[in-house]
Amino acid sequence: MKLVLIDTCAWIDFLRQAQGGLGDQVEKLLVSEGAALCGVVQAELIQGAKGCKEQDQLDFLLSNVPCFEITAADWQSAGRLLAQLRAKGLQVPLSDALIAVCAKRNQAPVLTLDQHFQHLGVVLL
């Protein structure tokens with residue numbers, strides 16, 4: 001199965017919401033072993049964890065979900081992408097650009113509601 005790089009907002013929805021929305025899609029990807037993340041998403045999730053219960057959930061998640069590595073080339077590609085977007089008058093966070101170039105290199109669609117990804121040339125779910 002092709003892996004889907006799940007953005008931070010979708011993981012948060014999965015971890016904090018009872019039903020509906022992105023969380024249901026994340027659950028389906030986890031069950032089918034189609035979920036993936038990357039270091040940027042890991043860091044964002046860890047820094048936002050509220051309490052021991054969420055940290056325990058994250059520890060389990062991070063130990064069991066495949067993680068795409070961020071390479072030196074990804075950092076360079078993200079910088080070039082951000083420069084191109086800035087030249088067009090668009091401001092996008094570095095974290096989103098890194099997630100996008102990592103997803104493209106791994107030929108993975110991105111599950112997100114973040115509007116920045118519309119400008120980053122990735123396949124969105």
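Q: How many disulfides does a search of the whole structure find?
A: The search finds zero disulfides, a disulfide being a pair of cysteine sulfur atoms within 2.5 Å. The model is predicted, and local features need pLDDT of at least 70, side-chain atom pairs count only at pLDDT 80 or more, and totals for chains, interfaces and linings use all residues.

Q: Why is Cys-38 called buried?
A: The relative accessible area of Cys-38 is 0%, and buried means under 20%, exposed over 50% and partly exposed in between (1.4 Å probe, protein chains only), so Cys-38 counts as buried.

Q: What makes Cys-52 exposed?
A: Cys-52 has a relative accessible area of 63%, and because this is over the limit for exposed residues, Cys-52 is placed in that class.

Q: How do you know that Gly-121 is exposed, and where is its place?
A: Gly-121 lies in the segment after β4 (110-111), and its relative accessible area of 57% is over the cut-off, so Gly-121 is exposed. Gly-121 is 21 residues from Ala-100 in sequence, and their C-alpha atoms are 7.6 Å apart in space.

Q: Why is helix α1 called oblique to helix α3?
A: The axes of α1 (residues 8-16) and α3 (residues 39-48) come within 10 Å and cross at roughly 40°. Since angles under 35 degrees count as roughly parallel, over 145 as roughly antiparallel, 65 to 115 as roughly perpendicular and the rest as oblique, α1 is therefore oblique to α3.

Q: Which residues of α1 and α3 meet?
A: Thr-8, Trp-11, Ile-12 and Arg-16 in α1 meet Val-41, Glu-44, Leu-45 and Gly-48 in α3, where contact means heavy atoms within 4.5 Å. These residues divide into four nonpolar, two polar and two charged, with Gly counted among the polar ones and Trp among the nonpolar ones.

Q: What makes α3 and helix α4 roughly antiparallel to each other?
A: The axes of α3 and α4 (residues 51-64) come within 9 Å and cross at roughly 160°, and because this angle is over 145 degrees, the two helices are roughly antiparallel. The contact is made by Gln-42, Leu-45, Ile-46 and Gly-48 of α3 and by Glu-54, Gln-55, Leu-58, Leu-61 and Leu-62 of α4, and its residues divide into five nonpolar, three polar and one charged.

Methods. Residues numbered from 1 in each chain as written. Heavy atoms only, no water. Axes fitted to C-alpha atoms, helices over the stretch in contact; angles between N-to-C directions. Helix = DSSP H or I, 4+ residues; strand = E, 2+ residues; numbered from the N terminus.
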